[in-house]
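Subject: Structure handover

Dear colleague,

Here is the structure I said I would pass on. My notes on it come after the coordinates.

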Amino acid sequence: MRIIILHIILLCFLLISCRSEKKDVLRETVEYKVITDSIFTRMPGTMIKTDDYLVWQDPFAIDGFAHIIDIKKDKEIAAIGVIGQGPDEFNTPSICTSSSKNSIFVYDMNTSHQAYYFIDSLKENKNPYYKYTDNPQNSITGIINIAENKFIISQPSKDKRFKIINNENLIIENISIGKI
């Protein structure tokens, strides 16, 4: 008797759950625009938009690891940054947006080296590289430039993972976001 009741309940459940109601499906179309047809990279890098430019990073390019594309003219204007251990070079570069107009902030994930690249200087045939104060904070895996003199850094190996620092590398504030 229990098996029959169980089968009846299951049959009712199946019949109720198999209702077919027509629901309106919202369909959207997206217009795309080909800016450049020559982005070649061996793995996904970073892609950011800074004011009038799109910047994408090829993590394994030795010369020109950051490619700058002018969105208004639909063409790549330059590839900047050099991998290496020289004074203006990065071992393991990472790019992020900058608080300064038309610029990107580049930091090395394995050294204290940091720099700005000013795209407007590049367009004027000037050196776009501006060395920023080296960061003595160790084990940083991410930096975000939030204001002219403020950065949020990520240090997963520390108790307080996120910190706000200034350009003298002084900790302004520790940020606690639950348990990590």
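What follows is a summary of the findings, from the overall make-up to single residues.

This is a predicted model, in which local features need pLDDT of at least 70 and side-chain atom pairs count only at pLDDT 80 or more, while totals for chains, interfaces and linings use all residues. Residues are numbered from 1 along each chain as its sequence is written, and side-chain values use heavy atoms, with hydrogens and water left out.

Overall make-up

The protein has two helices and 12 strands. Both kinds of element are DSSP runs numbered from the N terminus, with helices being H or I of at least four residues and strands E of at least two. Read from the N terminus, the order is α-β-β-β-β-β-β-β-α-β-β-β-β-β.

Of the 180 residues, 33% are buried (buried is under 20% relative accessible area, exposed is over 50%, partly exposed is in between; 1.4 Å probe, protein chains only). The protein exposes about 12,500 Å², and carbon and sulfur atoms supply 57% of that area (Shrake-Rupley method, 1.4 Å probe; for residues, only the protein chains shown count as cover). Taking contacts between residues at least 6 apart in sequence, 28% join residues at least 24 apart, where a contact means heavy atoms within 4.5 Å.

Surface patch

Met 1, Ile 5 and Ile 9 form a nonpolar surface patch with about 360 Å² of accessible area together. Patch residues have over 30% relative accessible area and no salt bridge; nonpolar side chains (Val, Leu, Ile, Met, Phe, Trp, Tyr) are joined within 5 Å, like charges within 9 Å. A salt bridge is a side-chain nitrogen of Lys or Arg within 4 Å of a carboxyl oxygen of Asp or Glu. Met 1 lies in the segment before helix 1 (2–17) and is exposed, at 75% relative accessible area.

Aromatic rings

Rings of Phe, Tyr and Trp (its six-membered ring) pair if their centres lie within 6.5 Å; planes under 30 degrees apart are stacked, over 60 edge-to-face, and the rest tilted. The count by this rule is six aromatic pairs. One of them is Phe 105 with Phe 151, a tilted pair at 5.1 Å centre to centre and 40 degrees between the planes. This pair links distant parts of the chain, with Phe 105 in strand 6 (residues 103–108) and Phe 151 in strand 10 (residues 150–154), 46 residues apart. Phe 105 and Phe 151 are both buried.

Tyr 116 and Phe 118 are stacked, because their ring centres are 5.8 Å apart and their planes are at 25 degrees. Tyr 116 is buried at 5% relative accessible area, whereas Phe 118 is partly exposed at 26%. Phe 105, Tyr 116, Phe 118, Tyr 130 and Phe 151 form one aromatic cluster.

Loop residues

His 113 sits in the loop between strand 6 and strand 7 (114–118) and is buried, at 8% relative accessibility. Its side chain makes a polar contact of 3.0 Å with that of Tyr 129 (N or O atoms within 3.5 Å; within protein, one must be able to donate a hydrogen and the other to accept it, and residues adjacent in sequence count only if both atoms are side-chain atoms).

Most residues other than glycine have a negative phi. Asp 51, not a glycine, has a positive phi of about 55 degrees. Asp 51 is in the loop between strand 1 (47–50) and strand 2 (53–57), partly exposed at 33%. Asp 74 also has a positive phi, of about 60 degrees; Asp 74 is in the loop between strand 3 (63–70) and strand 4 (75–82) and is partly exposed at 28%.

Regards
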